[in-house]
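Please open the structure in your viewer and keep the selection tool at hand.

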Amino acid sequence: MEFRVVHDLLDKPVLDDERRNIGRVDGVVLELRRGAAPRVAAFEIGGRVWARRLGPRMARWVEWMGKRWPAVANGVTRIAMRDVRHVGITVSVKCDGRRLPTLAWEQWLRRRVIGRIPGA
Amino acid sequence: MASVRECRVELLLGCRVVDVDGVVVGRLEEIVAELDDDEYVVREFHVGVFAAFERLGGGMLGRGLLRLVGGKRLYTGYVVPWKVMDLSDPERPRVTVPKRELRELGETQRSAGTMPRGQPSLRAAGGHRQSANENTVS
């Protein structure tokens, strides 16, 4: 089966086991092997990966944010291709999204802001 | 143990690819992989303006317009097999053969749109199956 890495995978929404949206595919990792074809090893989700695409200045700024506010500027989540169940309009993966650092920002926002709004 | 390095697709995208003589082939726009023993193995890289259009899912009408507006200059794209793509410096991808030896994105591929490339072979398989059934019936 043929698979176009950029068209079919990059920037697609990612859903976990419970079909929770855990972000988008911000980066794809190729494994370059000597004497063998490169392998699509994993994809990554996270603000830092996304910022890298916008240029080195943005990447440095987001990294600085991550050091200053670790809960807000979340880390990078790497999901191996073997954990991918299905690739279509969305990418379904075998994992529990609640444990991933990609949702740290949302959890922080829920705890500190949304949860304090009366009736929220 | 074979040495393994990592390379990021999102940073490779849009990088200018040159051939062995330093001639610009185009910008890297798409990577085609194949599922092989539970692994997605890269088969080829698509380079050039046409490849970019293909990535954006341009339909047949769009492709026709591209040819009409840009002529040959915009309507070019090359298929670079993984064996001849040198990614030792990911910021400067290089093809290890001259540009003239690269296969252009073919007319059949151009009109295939966003359909999977395996389509013709699937069709062939179907045809084969049909003939097998015919044999069974007879």
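Begin by selecting helix α2 of chain A, residues 47-54, where A:Gly47, A:Val49, A:Trp50, A:Ala51 and A:Arg52 are buried. A residue is buried if 20 or more other C-beta atoms lie within 10 Å of its own, exposed if 12 or fewer, and partly exposed in between, with C-beta atoms placed from the backbone. Helices (H or I, at least four residues) and strands (E, at least two) are DSSP runs, numbered from the N terminus.

This is a predicted model, in which local features need pLDDT of at least 70 and side-chain atom pairs count only at pLDDT 80 or more, while totals for chains, interfaces and linings use all residues. Residues are numbered from 1 along each chain as its sequence is written, and chains are lettered from A and ligands numbered from 1 in the order in which they are written.

Next, display what covers the buried residues of α2(A): this includes β4 (27-33), β5 (39-45) and α3 (56-68) of chain A, together with α1 (9-12) of chain B.

Now show α2(A) and α3(A) together. Their axes (lines fitted to C-alpha atoms, for helices over the stretch in contact) lie 7 Å apart, and the packing angle is about 155°. Such angles run from 0 to 180 degrees between N-to-C directions. That makes α2(A) roughly antiparallel to α3(A), a term for angles over 145 degrees. Among the residues that meet here are A:Ala51 and A:Leu54 from α2(A), and A:Met58 and A:Val62 from α3(A).

Two strands pair if DSSP finds at least two bridges between them. A:Leu15 has A:Asn21 of β3(A) as its bridge partner.

Finally, colour the two chains separately. Their contact (C-beta atoms, placed from the backbone, within 7 Å) takes 30 residues from chain B and 25 residues from chain A. On the side of chain B that touches chain A, β3(B) gives the most, with six residues. Select β1(A), residues 2-4, to see its antiparallel pairing with β3(B) over three bridges. Here A:Glu2 has B:Glu34 as its bridge partner.

Note on methods
Contact = placed C-beta atoms within 7 Å. Parallel < 35°, antiparallel > 145°, perpendicular 65-115°, else oblique.
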